[in-house]
Structures are given as structure tokens and as C-alpha cells.
Amino acid sequence: MPSLPVHGVCPHDCYDACSVWVTATNGRIVRIEGDPHHPLTRGFLCYKVNRYLDRLYHPERLKRPLKRVGPKGLGAFREVTWDEALREVASRLGEIMAKAGGEAVLPYSFSGNMGILSESSMDRRFFHYLGASQLERTICSAAADAALTWVYGTRMGPDPETLGRARLVVLWGSNPMVTNIHEIPLLDEARAHGAHIWTIDPLKTETATRYGRHVALWPHSDYALALGLARAIIHRGAHDQAFIDRYTRGFDAFQAVAEAWPRDRVLLATGLTAQVFEALVDDLIALRPLLIRTGYGVQRQFDGAKTVWALSCLSIILGAPQDVGGGHLVSNSGSFSINWERLTRPDLRPRETRHINMVQLGTALTAVDSPRVEALVVYNSNPAATAPDQRQVLEGLLRSDLLTIVHEQMMTDTARYADWVFPAAMSFETLDLFTSYWHRYLQLSVPATVPWGESVSNTEFFRRMAQALGLSHPALAASDRELIDDALDTPENRCQGLTWDRLWEEKVIKIGEETERRPFVDVPAPTVDGRLHLEPLPVNPEPRDMDREAGEWILLSPSRRRTIKSTFGNVASLVREDDPELLMHPDDLMALGVGDGSWVRVFNDRGETRMKVRQSERPQPGVVVSYAVRWNLIGDGGNVNQLTSAALSDFGGGATFYSTRVRIEL
Ligand SMILES: Nc1nc2c(c(=O)[nH]1)N[C@H]1C(S)=C(S)[C@@H](COP(=O)(O)OP(=O)(O)OC[C@H]3O[C@@H](n4cnc5c(=O)[nH]c(N)nc54)[C@H](O)[C@@H]3O)O[C@H]1N2
Ligand SMILES: Nc1nc2c(c(=O)[nH]1)N[C@H]1C(S)=C(S)[C@@H](COP(=O)(O)OP(=O)(O)OC[C@H]3O[C@@H](n4cnc5c(=O)[nH]c(N)nc54)[C@H](O)[C@@H]3O)O[C@H]1N2
Ligand code: SF4
Ligand SMILES: [Mo]
């Protein structure tokens, strides 16, 4: 007899945060279906999660703690009991901290599970209490976050439920056909009402093909384009001076930067024709509501932050925020009211401790001193596959004196380098609270069954670690229910009656402002003066990254349809071993004298990997594509991140994966 379905939330790092119903029979999950009542996720799931049972009960799913028995990286382990593993790990951690202090311990995690408890609660308390090094979690969106906070004082944009009203949508470096599939019905709706939808992307993506009006600009030239469009609009007198006067500050300084971008310079930088440029200007001036929908693709590069700043300013000088359905949407993370201080307890830190930027994990493990990183605790992330400058990361993970502890669901590329691996529960087996970086629904995910084997949730893992280390502070023993209460404990939530009881009753709750309320217009921007800040970021206003040398290609590695970064990368129904790895334009294949399907060596001064080339008109000549990311194990021991840059973005300390140049040979 199947039990009744319970409400769950897809936990993966995805805009959509789908509402689902999960059914278990005899302790085993047998069905995962979309919730038809969720206004945005609408009862359908993506290609990946439609095959989720293949991941949940994957033959390689970890069930018991493991201790390394062979050389690091080879994946030779033996099963041990939780008691033995915790005892030994606690004793090693104790020795390290006694000798080198808490900062010799480095946590490394990201959004493998987006539940608030799983991503950022007991783990943070634990590391704060130890006085561990603090990880700056920058790998995904730090450049955009910094720019948005500069301009708007938060990360918030229009409610996606109003998207259908837009009459001009500019999808700027975003590929919702792959990464935000529930946005597609909204875009279709807008198009059915006559909206023009432009896609600004160096690649001819599935989204560009669906909506036409594709602007295949040269990678990383968006900053030039945004400023050039703004300049042209201002020169035509078509900017919204009344809006600018009432809601913004810094317009003159913005205009001074935009002045450096006359049309000819923009055409040279972007590769656009004058007709396309003028058609865009005309649409931007004529059509309202105007939504600029910026994805994270534009900011994974050296000039990432100032690009997002320029796009924000472009939408603001056109007065886009004053229409319901208009504005600039990058992220809605800032819409939610979560008491992060109470949840993560930075006050537990014995003293201020150093920060380590996760983008530079390789350097942190191989070159940082005083103290050296002697213990690395990885959860919710698979840096051996997903971090840039992979050769250095793997060199660090191979250090014989590094204690590496990994809490994981699968034997990932990173877990193979661990000294100790602890089995992690899956989200549908644990209680958690979810926000979204796209929509405005807070959701409760209720366990459909108990964790598989001896696996435990992230919160339970860190409770056990604390106990094994003899840490008796009550904050380190809080239950999941107590953590949720702490998370919700804010004046805004109290005011809206957002409590555990209501969440338990309703499971899916629309938060904050009503759909019709226009951010930054009906409520002031949460900046110091309530205005939108157009002043330039405190960085060099000239772009850094626009060209390549002879014999080099720009390598882009955006999201892959059948995986979420490396997650799902071992699910046979989703990953084919013969998947093409490197897409290349036919002209480039011809010039290189390489046939479709050949194996090539792709290299630069950071690393190299072998990939199979496939002829494709997605990239333009001079650009190659390898979707992020496949497991190293499934290739030649490395993947695209052998080649990517660990340099930081202009502002905000973000990742620059796409500022990568490579050479290619047979
Ligand atoms: N199926 C699937 N879904 C995912 C993910 C996944 O791996 N697979 N990843 C999830 C995560 S972690 C994130 S952060 C989001 C990211 O999702 P998005 O915000 O959509 O970002 P990306 O996939 O990085 O890139 C989007 C587009 O930006 C383009 N792009 C690259 N460089 C430039 C440039 O210089 N200018 C412009 N205009 N465009 C550029 C790329 O070609 C790509 O088509 O998606 C999430 N959803
Ligand atoms: N070349 C290139 N590289 C990129 C990018 C790119 O565009 N190009 N994008 C970057 C971006 S945007 C991101 S966000 C990062 C993501 O990089 P990662 O943070 O490494 O994310 P994933 O590869 O999804 O790995 C998440 C891991 O968490 C595990 N996991 C899932 N749920 C749980 C749980 O509840 N508990 C525990 N303990 N583990 C769990 C999964 O099994 C999986 O192995 O990759 C970055 N890497
Ligand atoms: S991965 Fe994204 S689209 Fe797919 S089910 Fe999860 S939240 Fe929905
Ligand atoms: Mo991401």
C-alpha cells in the first residue's frame, strides 16, 4: 500500500525550486510528481528530475561511512561504523586545532542542496564555534550580487508572476530553456500577447532559437553594448528624466562612463551590425513594460560586476521599474526575510577569523600559510569537478598531510580524494525550508521516508561532529524544527503571521509584497537614501577582457541540460559517455583541419584535457563550448575546469570561468 504523498521541494541549485509531491512505499520513495497547484512550477518537472529515482537509488549511493585504504584519489575505501569514523575524525581535528588553531580548518560547501537548513545552518554554527577559516561562497553569483547590492541595496527584481505582461523582454546571458524551464510558459504568454523577446548571447542557444531576435555578440562585450545602448538612448533624449530625478542618484556619473561608448566603438567590440544595434535601441525606447532578464552567464568573467551594474542602469534610466512586469530581474533572493544571524550564529566565533575565497581553493590548499589549511570539510559541493584551475585543486587534494572529510550522497570526484566519507541523506528524506532565487514562494519540504542506509542530513552530520568533539553548546544541538523557528524569527515574518504552524498547514506560501507591488517604486530601495544608485562601481571603467590572441579560442562552459553542474553526472539515463564535449563552428573545424567527432587536445597554461569535437553552429567562429560539467572520472581524469581561470571578477570576488582562452590541436 503506498502511503499518501507528502509535500517536497526539488532541492537542486536551480531557479525554479519546484513544488513536488513525493510518495513512499515501505520506506522507499516510488513516485515524485510536480505539484499542479504551484502557480509557477505548474506540475511539470524537468528532464532530470523526471528521472529522479535513478539518482535516489543509484547503485553508487553512499550508505555507510568510509575510511580511505588506498592512495588518495583512487577511491579505495572500507566501510566503518559511525562511531569509529567520528572518533577518529574528532581526534585528528582536535590535534590539528591544538597545533595550528581553528583557522587550519576550512569548510567548503555550496548549494548541492538549496534547503536553508542543509545549505547554511548547523554547519555554520559548527565552524563558527571552532573558529575555522570562513569560506566566501562566491563561485556562482558574487559579481552580480555585489553589483545588485551596489545599485539596489538588495537582490530583488520584479515578481516573475508578472512576466506575462511585459511587452519587451531582453534575455541577457540567460538560457531558460536549460536553466529555468518554468520561465518558458511565462515567456510564451508574453509573446502570445505580442511581446518582443530578444536573446543576447554569444551562443545560438535553445532559447535563442525558440524566440528569434538573437544577438550573437562577442563574449564579454555586454558591458560595451549596455553602455552604448544607454548612450544612444540618452543622445536621443529618450531616457526617463522624471523617473531618474525622482528615484535615483548618480546619473551624471553614469552618463560620463556611457559617453566613452559611441556606436562605432560598440560595434567593433560586440561584432553587431548597425541595424541590429538600432533595432534594439528602437525597441528599448518604444516598448513597455520592459523586462531585462539577466542570467548569470554575463558575470562569470573579469568584467562581471560592472556588466551587471551597466545592465541595471540601462533598465533604470528607461524607467523600467515603474511598470508592473518591468524592471531588471537577476535574482529574487533578497525578497525573503530570513534571520541569518540567529540561524548561523556568527557570535559563536571566539574571534574574527580569516576569509578564504572558494574560487581560489587550489591556492588555499597549496600556497596559503599561517596557518596552512590542514583539514578540509566538504559538503553540498564537488570542487574536484566544479572549481576552476582544477590542476591546482587536485594537487591540493593530493597532499598527504591534508585531512579531507567529505559528506556526500555519491562517490564523487571529490569524495575519491577524501580520508573519510560520510553518507548524506537526500532531500526528500529530510525536513527543510526553501526559498528560491527566482520566485517568491517559501516552501516546506517534508520527509517522505527515513534516510537511506546510515545516511544523515547535513544538520545531523554537524550535530554528530559537534558531539564527537565534545562541544556542549546548546546551539550545536538544536533540532531541525528549532532551526526553522530561528530562521523565520524576523519582524517581517511575525507581521505576516509566517510561523511554523502556518507553514506546516500550507506548505507553499507567497511571501512579502503583493504581486502588483513594484520593487523600488512602491517601496523605496533599501539603500542608505532609498534611491537607486547609478554611480559607477569603484573599479576601472574600461573593460579588461575582450580579445584573444591568434590561435586561441574563447572557451565558454555554461549550464548543461542533463545535469546541474556535476550533480546527476553519474546517472546513466542522463549522461552518455559519448556526449560531445567541445562544440566548434564549422569554419573553425575546417581551418583547424579537424573532422567532426575527432578527439582533440584542449590546453592552456593552466591545464589540458581531451575532448571530442562536434561541429555546431551554436558557437560563432572563435568561440568553443563545453557544457559544465561532467565528472572527471567519466573522462580522462579532468574536465573543462582543467582550463578555467581562478582569477577574480572586477568587484565582489566572483568567479571568471568564461574568461578562458584555450588552444586546440589534434
Ligand atoms: N540544466 C541545468 N540547470 C541549471 C544548472 C545546470 O548546470 N544545468 N545550473 C544552475 C546554476 S548553478 C546556475 S548559477 C544557473 C545558471 O543559469 P543561467 O543564469 O542561465 O547562466 P549560465 O547557464 O551560466 O549561462 C547562461 C547563458 O549565458 C551565456 N553567456 C556566456 N558568456 C556570455 C557573455 O559574455 N555574454 C552574454 N550575453 N551571455 C553569455 C551562455 O552562453 C549561456 O547560454 O542555472 C541553474 N540551473
Ligand atoms: N566550467 C564551469 N564550472 C562551473 C560553472 C560554470 O559555469 N562553468 N558554474 C559554477 C557554478 S554557477 C556553481 S553554482 C558551481 C556548483 O558547483 P558545486 O557546488 O560543486 O555543485 P554540484 O556540482 O551540483 O555538486 C553538489 C554536490 O552536493 C551533493 N549534495 C546534494 N545534496 C546534498 C546534501 O543534502 N548534503 C550533502 N552533504 N551533499 C549533497 C551532490 O551529490 C553533489 O555532488 O559550479 C561552478 N562551476
Ligand atoms: S531541477 Fe529545477 S526545474 Fe528541475 S525539478 Fe528541480 S527545481 Fe524544477
Ligand atoms: Mo550556480
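This is a predicted model: local features need pLDDT of at least 70, side-chain atom pairs count only at pLDDT 80 or more; totals for chains, interfaces and linings use all residues.
Visitor: What makes Lys48 and His220 polar contacts of ligand 1?

Guide: For Lys48, an N or O atom of the side chain is 3.3 Å from a nitrogen atom of the ligand. For His220, a polar backbone atom is 2.7 Å from an oxygen atom of ligand 1. The limit is 3.5 Å, so both pairs count.

Visitor: How do you know whether ligand 1 is buried or exposed?

Guide: Taken alone, ligand 1 exposes 910 Å², and the protein buries 99% of that. Around this ligand are 34 residues, with Tyr15, Asp201, Asp222, Ser559 and Thr563 coming nearest. By class, that shell holds 16 nonpolar, ten polar and eight charged residues.

Visitor: Which domains each give at least three residues to the shell around ligand 1?

Guide: Those are domain 2 (143-333 + 516-533) and domain 3 (553-665).

Visitor: What makes Ser557 a polar contact of ligand 2?

Guide: A polar side-chain atom of Ser557 lies 2.9 Å from a nitrogen atom of ligand 2. That is within 3.5 Å, so the pair is a polar contact.

Visitor: Which domains each give at least three residues to the shell around ligand 2?

Guide: Here they are domain 1 (66-133 + 353-441 + 450-497) and domain 3 (553-665). The shell around ligand 2 has twelve nonpolar, 15 polar and five charged residues.

Visitor: Why is the pair Asp650 and Lys306 called a salt bridge?

Guide: The closest N and O atoms of Asp650 and Lys306 are 3.7 Å apart. Between domain 2 and domain 3 the count is two salt bridges.

Visitor: How do you know that domain 2 and domain 3 are in contact?

Guide: Contact means heavy atoms within 4.5 Å, and 24 residues of domain 2 reach 27 residues of domain 3 in this way. The two domains bury about 2000 Å² between them, 61% of it on carbon and sulfur atoms. On the domain 2 side, Leu203, Arg300 and Phe302 lose the most area to domain 3, together 34% of what that side buries.

Technical notes: Residues are numbered from 1 along each chain as its sequence is written. Chains are lettered from A and ligands numbered from 1 in the order in which they are written. Side-chain values use heavy atoms; hydrogens and water are left out. A residue is near a molecule or strand if one of its heavy atoms lies within 4 Å of it. A polar contact is a pair of N or O atoms within 3.5 Å; within protein, one must be able to donate a hydrogen and the other to accept it, and residues adjacent in sequence count only if both atoms are side-chain atoms. Accessible areas come from the Shrake-Rupley method with a 1.4 Å probe; for residues, only the protein chains shown count as cover. Ala, Val, Leu, Ile, Met, Phe, Trp, Tyr, Cys and Pro count as nonpolar, Asp, Glu, Lys and Arg as charged, and the others, Gly among them, as polar. Domain bounds come from an automatic or database domain assignment. Buried area is the accessible area (1.4 Å probe) that two parts lose on being put together, summed over both. A salt bridge is a side-chain nitrogen of Lys or Arg within 4 Å of a carboxyl oxygen of Asp or Glu.
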